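Reader: I have just opened my first protein model, and I would like to learn how to read it. Could you take me through a few features, one at a time?

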Amino acid sequence: MKEGKLGFAAVWAIAVGGMVGGGIFSTLGVVISSAGKWAALSFVLGGLVAYATGHSLAALTVEKDEPGGIYSFLRDAGAGKVARVSAWVLLLGYVLTCAVYAYTFGAYVGNALGGPAWLPQAMAALAIIVMAALNLRGAGQAAGVEIAIVVAKLVILAGLAAFGLSQFDEAKLAIDTSPGLMGVIVGAASVFMAYEGFELLAYDYDEMEDRKALMGRIMPWAIGSAALIYVLVALAVPMLTGTQAVIEDGEIALANAGQAALGTPGLLLVTLAAALSTGSAINATLFSSARLAREVAEDGDLPQRFAKRNAGGSPALAVTVIAALALLLALVGGLDGLVSGASLVFLLVFATLNAMAWREGVGRKWITAPGMVGGFAAFFVLAAHLLGLV
């Protein structure tokens with residue numbers, strides 16, 4: 001690997017870390033409550049839409065040959081008003097995602113430590129404050145550290161999945177009410193935020209070694225890795241604790257599964273994986289979202305104060321506002337609502353990204369077209385579900 005450039009392993013780690021960075025730890029109970037024994041299929045369907053979106057993102061980025069995302073794509077295409085709205089919606093999604101990660105961090109660490117009822121909220125607040133402070137200092141995360149974190153948590157999750165699958169019994173996957181096909185679709189839509197994170201690669205495009213070739217081939221590997229671990233965990237965890245327990249204790253379901261598998265060491269290992277995942281994900285999301293806010297401000301679509309950098313080169317106001325809003329939501333929001341809200345936002349943004357790739361004729365239309373249709377369909381199904389219509 002060339003000095004200062006990100007090779008395949010580092011780029012894979014950034015994408016997988018962004019997706020598995022809290023996703024499976026916080027969403028498993030949500031998807032099982034919707035899809036029942038078909039929860040694994042929900043993750044597969046979500047993964048297919050994510051793959052199409054990753055394909056579209058890679059194609060648009062390589063075509064432009066510059067770092068950026070949907071905001072810069074739409075802006076450069078002359079769709080200024082749509083670009084502005086997309087940026088605001090995407091920033092909302094990042095705030096919700098940070099809140100989910102912080103909530104999950106607090107739940108797992110608070111559960112492991114025991115103590116008063118307010119401890120998980122205190123841990124959630126601490127996670128956001130620490131990561132915001134790191135970002136304000138201009139501290140990024142070294143590629144080697146990110147690779148180590150991703151490998152560690154995947155090893156722990158793979159071990160948990162193997163232990164659970166060794167006791168596989170299909171009957172344990174059932175819930176009291178059979179959800180049917182609509183439940184599977186609602187489940188896939190509800191947890192789409194678990195696949196959010198691969199788009200961070202568009203911001204790191206300039207840092208990649210042989211960037212055009214690498215951007216074009218990384219998405220199947222990264223999204224496929226995340227989908228595989230989600231499916232295995234969705235099948236395995238109910239074998240260890242029972243499906244109803246996963247639904248009722250969704251925010252710490254994997255910790256309970258680790259304890260059921262290996263006792264206290266299992267609980268601590270899963271808690272460590274959750275803390276590493278969510279902590280690094282908060283850091284990465286704050287880093288990327290604050291720089292998106294800075295770019296939007298430099299274009300005049302946010303107050304200029306959001307573009308101002310501090311001595312560490314960080315857009316201080318953007319980091320502070322995003323962190324403060326995420327902290328507020330983590331303290332007052334419920335996990336199901338935060339996960340569904342974030343998924344709704346990212347479905348809309350990513351469906352639009354697929355539509356843009358299809359319209360611009362970049363990438364393979366047999367991939368971008370289903371991604372566009374699937375993304376918008378899932379968005380409307382989830383919106384109808386949240387409104388109580390389905």
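Author: We will look at helix packing, then cavities, then aromatic pairs. This is a predicted model, in which local features need pLDDT of at least 70 and side-chain atom pairs count only at pLDDT 80 or more, while totals for chains, interfaces and linings use all residues. Residues are numbered from 1 along each chain as its sequence is written, and side-chain values use heavy atoms, with hydrogens and water left out.

Reader: At what angle do α2 and α15 pack?

Author: Helices (H or I, at least four residues) are DSSP runs, numbered from the N terminus. Axes are lines fitted to C-alpha atoms, for helices over the stretch in contact, and angles run from 0 to 180 degrees between N-to-C directions. Here helix α2 (residues 23-35) meets helix α15 (residues 335-360) at about 95 degrees, and their axes are 10 Å apart. That makes α2 roughly perpendicular to α15, a label for angles of 65 to 115 degrees.

Reader: Which residues of α2 and α15 meet?

Author: Contact means heavy atoms within 4.5 Å. From α2 come S26, T27 and V30, and from α15 come L335, D336 and V339.

Reader: How many cavities of 30 Å³ or more does the structure hold?

Author: On a 1 Å grid over the protein atoms alone, a cavity is a set of points where a 1.4 Å probe fits but cannot get out; lining residues have an atom within 4 Å of a point. A volume is the space filled by probe spheres set on the points. The structure holds three cavities of 30 Å³ or more. The largest cavity has about 80 Å³ of space, and its lining includes L57, Y203 and F350. Helix α15 gives the most to that lining, with three residues.

Reader: What lines the second largest cavity?

Author: The second largest cavity holds about 40 Å³. Among its lining residues are I32, K37, L173 and P238. The element that gives the most is α10, with three residues.

Reader: How many aromatic pairs are there?

Author: Rings of Phe, Tyr and Trp (its six-membered ring) pair if their centres lie within 6.5 Å, and planes over 60 degrees apart count as edge-to-face. The count comes to 10 aromatic pairs. In one of them, the ring centres of Y94 and F346 are 5.9 Å apart with planes at 65 degrees, so the pair is edge-to-face. Y94 lies in helix α5 (residues 80-113) and F346 in helix α15, so this pair ties together parts 252 residues apart in sequence.

How values were computed: Helices (H or I, at least four residues) and strands (E, at least two) are DSSP runs, numbered from the N terminus. Angles under 35 degrees count as roughly parallel, over 145 as roughly antiparallel, 65 to 115 as roughly perpendicular and the rest as oblique. On a 1 Å grid over the protein atoms alone, a cavity is a set of points where a 1.4 Å probe fits but cannot get out, and a pocket is an open set with protein on both sides within 12 Å along at least five of seven lines; lining residues have an atom within 4 Å of a point. Rings of Phe, Tyr and Trp (its six-membered ring) pair if their centres lie within 6.5 Å; planes under 30 degrees apart count as stacked, over 60 as edge-to-face and the rest as tilted.
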